[in-house]
Amino acid sequence: MRITHYIYIILTAGIAFASCGNKQENGDAPVTSEEEKPLVADSALYGTVGRGTAMHSVELLDENGNATVALVNVDIEADVQGGIYCDDRLTMVLDTNKDGDKEVRKAINLTSLCGRWVALDRNFEIMEDGTVISLQSQETNPYTEWSMVNCNLVLNRDTFEVDYLGPDSLALENDKGIFVYKRFN
């Protein structure tokens, strides 16, 4: 075979390979817009911190009063943000340890998250009812709603990992960077 035949075969194979690259197995068109992306399943638990909570365990009461007890294992460095206080609203993601016990992997105190947060370019208040009130008129894309998914904070369509939630500061992170806020009382 001549070298031109090899080039022809390689080009033909490359074109065939490239044209098949965007097809999905079910034959549907590829997902292109933000609205069409599938939602992430939320495996977090939500509820109120119960009176059975101790130093290394959390009792979470769901809306029906059913209790889930999970260990807060300091050896695996459970990520607990905002503290764990009786009667506060909490969301948590659990793992199961080798003994079959439930352990907190991440927990966010929703009561601590609510309130007014300010930074140089943002000034907003997270309300208990899932709304966000923008208090800075110059914001070009103000947050209007919030929710939690797998202990990640969703503000409008932006999803953030809660890196730190303390009494006076909040650090959120996503693929665009780390955003730090100060609580405004």
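This is a predicted model: local features need pLDDT of at least 70, side-chain atom pairs count only at pLDDT 80 or more; totals for chains, interfaces and linings use all residues.
Phe160, by contrast, is buried, with a relative accessible area of 3%.

Phe160 and Phe179 form an edge-to-face aromatic pair, 5.8 Å centre to centre with 85° between the planes; rings of Phe, Tyr and Trp (its six-membered ring) pair if their centres lie within 6.5 Å, and planes under 30 degrees apart count as stacked, over 60 as edge-to-face and the rest as tilted. The pair links distant parts of the chain, since Phe160 belongs to strand 12 (residues 158–165) and Phe179 to strand 14 (residues 177–183), 19 residues apart, where strands are DSSP runs (E, at least two residues) numbered from the N terminus.

## The aromatic cluster

The structure holds four aromatic pairs. One of them joins Phe124 and Tyr143 edge-to-face, at 5.6 Å centre to centre and 90° between the planes. Phe124 is buried at 1% relative accessible area, and Tyr143 is buried at 5% relative accessibility. Phe124, Tyr143, Phe160, Phe179 and Tyr181 form one aromatic cluster.

## A charge over a ring

Arg122 lies over the face of Tyr143, 3.9 Å from the ring centre; this requires NZ of Lys or CZ of Arg within 6 Å of the ring centre and within 35 degrees of the ring normal.

## Basis of the values

Residues are numbered from 1 along each chain as its sequence is written, and side-chain values use heavy atoms, leaving out hydrogens and water. Local features need pLDDT of at least 70 and side-chain atom pairs count only at pLDDT 80 or more, whereas totals for chains, interfaces and linings use all residues.

Methods
Buried means under 20% relative accessible area, exposed over 50%, partly exposed in between (1.4 Å probe, protein chains only). Helices (H or I, at least four residues) and strands (E, at least two) are DSSP runs, numbered from the N terminus.
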